[in-house]
Structures are given as structure tokens and as C-alpha cells.
Amino acid sequence: MIRLPFVLLFSAFLFSAGVYGVLARRNAVMVLMAIELMLNAVNVNLVAFSSSLHDVGGQIFALFVIAVAAAEVGIGLAIVILLFRNRASINVDEVNLLKW
Amino acid sequence: MVAAVVTAIAAAEAETTGVATGAIQYAWVIALLPFIAAPLILFFGKRTPGQGAVFGIAALGAGFVMALAVLFHFVTGGGTYAPEGIEWFEIGPLHLEVGQYVDGLTAVMLVVVTAVSLAVHVYSLGYMHGDVRFTWFYVVLSLFTGAMLTVVIADNLLLLLVGWEIMGVCSYLLIGHWYEEHENSSAAIKAFITTRIGDVPFLFGIFALIFATGFTTTNIAEIGESIAGPEASSALVTAAALLLFGGAIGKSAQFPLHVWLPDAMAGPTPVSALIHAATMVAAGVYLVGRMFEVFVHADPFVLTIVSVIAAITTLGAAFLALVQDDIKRVLAYSTLSQLAYMVAGLSLGPEGVTAGFFHLFTHAFFKALLFLGAGSLIHAVHSNNMSDMGGLKDEMPVTFWTFLIGSAALAGVFPLAGFWSKDELLVGAWEHNQWLFFVLLAVAVMTAFYMTRCVLLTFFGRYVGEGHPHESPPVMTGPLVGLAGASVVVGFLGAPQLGAVFGDWVYFEHPHDADFVFWVAVVGTLAAAAGILGGYRLYRERRERDPLMAFPRAWNVLQHRYYIDDAYMRGIVYPIRDRASAGVNWTNQHVLDGAVNGAAWVTRGLATFISWIDRTFVDGVVNAVGGLTGATGGLLKYLQTGNVQWYAVLLFAGVVVLTIVFVQIA
């Protein structure tokens, strides 16, 4: 049985990697993937606390998060495809029309 | 004798059925019905068959039946019905209640007004057929009838005044019914203004009476009790009596306010019959009778003044009736004369009240009949002038016979209605005021004379007008026959030999027993006969020149109505029109307009000042707020870079800051 603090450290690392990806990557697909990393870090936390507190609710919640993430990726990829069709690029730095 | 039997039978019936007792409680409905009919005609008249006349006729028919039921209450010996009124409003100690006061006089007047009005409503179907304002005519006719019934039934002076004024307006509207002709609208204005001059003293008379009751009531019965009391000021009561009589002078067209009535003949003839012969002009007489308590308690010289005015009017008008060519004017002056006859009766004091009102009662029927008959003639020959008529007795037999009955009744031929009422007045005058007796006798001779002249000029001799006159349609002759029947029989109600039941209904203080003085009846009949014979001798053959032109000076004076109208025009109307109106105009142009313009100038200056404040300060604040907001926005907008990742950085930074803050607080 792995002890809780190790799992939490792992999920924190995973979340930080996701934040870095979202803020630093230029490729829109990579940004989406980084968002998935952050969601999965949350899932790990949920399952870890569920196991440690003997409450199955956290695992059920994790299942819902996975389902929502799938839907989110579906929409996100559709946006990326439309972006590419219009701009022939998926560099998020170039998508800055909505400004002052 | 008959009356005693009738009373006995009816009293027995009243005990068992109580019909009359029931009807009298609802006497006010009689006055209400025409007021309901008037708006119905106005709003739905043109869409109903018969153009709305049916509403008026139905209301009057129902009213007539109810009025008979109310009169039946008095026939059966019932007493005055005067319930508590409904609270109208109160000013300090003055409580105003509206209600009904039904005594014998009211009941008789209700019957007269509804009967004559019904006859006129039916008659107008024929006379006004095809008129441009047929529906409107019926609206005003109904309104007028309702107002007259209100006057009759009112238990307080203020309600009476309301009805009185509505009548004045209706009279004005109907005289000017054909207002396209200037002459007619002038006559309407003349009538309105002249009666209004009488209304002013009437109003002040009401004030005086309210004052006499200590400012507590306008109820007629309570006023009567109050001024009969010991603390009433006799000077105030005398003033009130004179002022009230001023109102009666205006409405009943007595000298010196008589000038409007002959001109009022400009209206349609049915209107002349209803308003200017049978009912409205009787309102002044009615007022004096209703308020007789005031006249009794006033200084005796008031009744002397009343008798003098009555004598002047009755004689003066009778002379004028002698020389008229317009048939309606003959009847109009005759009406003046006969109204003064009634006033003369009232001037005899309490004993004359019954006689005066009996004459009002009979006169209403035969004078309405004569006017409607004249209308029938005018309808046939399209002219008011007797010089365009003549020889009509064969063409228009119904009109002829009914007109003849009416004329005979007016002349006082035994045993028609006019004989009985005139006889009672003559008897009263002989007993109480002998000089008045001779005046009334002279007028009786002249009345018979001018009616004979009128009948001979219109129905006998050779027709000199244009076209071929025809008898009027049955809707016109029907009312004539009905009124002729009434003119024959109503006199017997006051016949002393038959018990004089009229005196049991209409009296002052205690029931009046008519005296029958044989020699007075003979003298009265001789007077009528003398007038008729004189008229017959002079007008038996038609002549180019009126035989009375043999007295050119008198003829001229009479043709100019004693120059009274001219004097009023020169003395009152022209000065007001030429000088006073110029002064009023100057005041209007300079003083009133100056005030208005000054007010406008001040308002404009103020508005300019306020506008400056508005633009400078209020707008300044608003603009400053707007500018500040714009500048701030201009600076803050650079945060919106359009770079999604930049937003995400800010978001995370915010989360981190918030987390640190929460942790620190915890």
C-alpha cells in the first residue's frame, strides 16, 4: 500500500506539468493535452483520498471527471480543426484578434 | 255630490288593495323616466325604427299612467306624501337632501305635464316628420319633460332650481331648433337671457329663504314651518317673496319680462304648445303656489304688487292679441294674458290658490290644443299668417272642430273647461279684490273677441293662400281629439254643482270649497258672448283692411308692442353692445391680455435661466462622469491582449494570490 503523501506529491507534479504546458506551449493540441494532464492530476487526488478515507464517492467522482474530459477534448479538437482551416496554423500566439 | 260618492268608493278600495298608496311612493320614477329616455334616444335613436321617438313616447306613456295612479291617491282622500330625502351633501349646518314632495298640487301637475307632453310627443311624429334634427328634437323634448317633472316633484328649492334651469336650456335649444335662420337663433338668445334676468332674483330669493331658516335647510316644507314661526324676520320674508316672484315673472313671462314669449314662437309649434303654453311658462305660477307660505307671511303689499303686475300683463297682452296676424302670436299673447289670469288668482291670497291652479290646469289642455291646432294649420298652408288662411273648415274638419272647442273653452263658453276656471277666478276676485274683478272681466271680453277673430279669419270665408291644404295625418289629429275631449270634461272637476273635487286636491292650508255666485256666472257668460258677438260682427266678412285699423294710432302702438321691445333694445341692449362691450373689449385687450402676456414673459425668462443651469451644471456633471469612465476604460483596455495564455497566467496568478490570502486568514 503506497502512502498518501507520495501519491499527493505525484499528482502535484503532474498538475504543475499541466500548468506549464498550458502556459508555455504554442501548439494548440499540446495545450489541450496539458489540460488533460491537469484533469488527471485531479483524478489521482480524488482516488487517493477515496482510498485513504474509505469513501467510494471520490472514485465515482473521478469517473465523471473522465467522462467530462472526453467531451471537452472532443469540443477542443473541433475548435482546433476549425482554427487550422481558417488560419492554416495552430499556433495559439497567432490567435489574438479579440483584443483592444 | 259625485265627489263624495267617488271618495267613498275609492276609500273602500284603497283599504283593500292599497294600489294608490303603492304608486305614490314611486312618484319620483315619473320624473326619472324621461331622463332615461333622453340618452337612449341620443345614442340609439338613429338606429331604431321611428328614429328614437318611441323611447320618449314609451317613457311619457308610462309616466302618464303612473301620474294617474298618483292622482288616484288624492282622489281617494289620501294625504301629502313627503318622505325623508336622500342625503345629497352638507355644508356646515346646511343639510341638503333630495326627495319628493307629493301633494295634490304635485299630482295634478304631474298629470298635466305628462298628458300634454305625451300628446305633443305623438303629434310631433307627424309635424316633425322628415326634419333634419328629428332625433335631437325628441332628445330635448324628453329632457325638458323630465326637468319640468323634477320641478314639480322636488321637495327642496335647490333641486327645483336644477330642474328650472334645465328647462331654460331646453327651451333655448327648442326655440332655436331651426337655427339656420338668424331670426330663430336671436329669439332663442332673447328668451334665454330674458328668463335668466328673472333667475337671478330667484336665486337670491332661495338664498334669502335659506338665511331665514338659520342656514339649515332648503326643504320647502321646513322652510314653510320656519317662516311661519315667531322668530322669522318679516323683512327677510318679504324680500324673499319679492325675489321669488321675480323668478316667476321671468319664467311665466309677466310684465316687464314678457318680451321673450311672443318671439319664442320661432320654435317648432309642438314646442310652443308644450313649453311656451302648457308647462314651462306655468312653472313660474307653480313656484308662487308652491312657496305660497312665503307670500302669506310677507308684507301684504307683496300680493298687491303681484296683483298689479298680473293686471298689467293680462290687459296689455289681451290688447296685443287683438291685432296680430301671425296665428301663433295671437296664441302667445293669449298665453301671456291667461298666465297673468292665474297670477291674479294667486294674488287674491290663500282663497285664490285653488282658483289660480284650476285655471292653470284647464288652460294647459285647451291652450296646448289650440297650439297643436295652429300647428296643423301651419303644416297645411306653410304659413303662420292668418292672412294666408281662410275657409279651411271644409278641408280640415278635425282641426276645425277641435280648434273651435279649444277657442270656446278659452273664451269661457259654458260648459267647457275655461268657463268653470274663469268663473271661479271671477268669484274669488269679486270677494277679495273688486278692481281686479273688472280687469279680469274686461280681459274675458277681449279673449272671446280675439279668439272669434282668429277662428273666423282661418276657417271661414275664402281660402287665400297658395296650394291645396289637406287635413293632417292621424298622428296629429289624434292628440287634437284627445285634448279636445279633455278641454270639454276637465272643467267639471271644479264645478261647484258637482262638488268641486279639484278644491280637495289643490288648496292652501285647508280644502277649498268653490262658491258659486249665480250672477257672476251670468256676467261671465255675457262677457264671453259680448266678445264673440263683437268679433263676429267685425270679422264675419273678410276685408282687405283689418277693421281695427280704424284706430290708426292705437293700431300702431299695438303693432309695436307698446314700444317696450324697442325701449329694451335702445335702453339696455344697444348701450351694452356699443359702449359696455367696447369697454370690456378694451379691458380684455389691455388689462387681461397684459396680465397674460406679462405672465408669459416672466415664465419665459425663468425658463431661460433654468435652461442655462441645466446645460451648464447638470449636463456638466453627467458629461464629466461619462468622460472619466471613457478615460479609465481607455487605459484598462490594454490588459486585453487577445493572447489566451496571457489570460491563463493572470488566472493562475489570481488563484495563487487568493490561496495565499485564505491560508493566511485561516
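Start by selecting residues 28-53 and 57-87 of chain A: these are helices α2 and α3, whose axes come within 9 Å and cross at roughly 175°. Helices here are DSSP runs (H or I, at least four residues), numbered from the N terminus, and axes are lines fitted to C-alpha atoms over the stretch in contact, with angles from 0 to 180 degrees between N-to-C directions. So α2(A) and α3(A) are roughly antiparallel (angles over 145 degrees). Colour their contact by class and you get 17 nonpolar, six polar and one charged residues.

A quick note: this is a predicted model, where local features need pLDDT of at least 70, side-chain atom pairs count only at pLDDT 80 or more, and totals for chains, interfaces and linings use all residues. Residues are numbered from 1 along each chain as its sequence is written, and chains are lettered from A in the order in which they are written.

Next, pick residues 134-153 and 157-175 of chain B. Helices α6 and α7 pack there at about 155°, with axes 8 Å apart, and are therefore roughly antiparallel too. Show the side chains in their contact (C-beta atoms, placed from the backbone, within 7 Å): among them are B:Leu143 and B:Phe144 of α6(B), and B:Trp164 and B:Met167 of α7(B). This contact has 15 nonpolar, two polar and no charged residues.

Now try residues 53-75 of chain B, helix α4. After α4(B), click B:Gly77, where phi is positive, near 85°.

Terms used: Helix = DSSP H or I, 4+ residues; strand = E, 2+ residues; numbered from the N terminus. Parallel < 35°, antiparallel > 145°, perpendicular 65-115°, else oblique. Nonpolar A, V, L, I, M, F, W, Y, C, P; charged D, E, K, R; others polar. Expected span 1.5 Å × (residues − 1). Contact = placed C-beta atoms within 7 Å.
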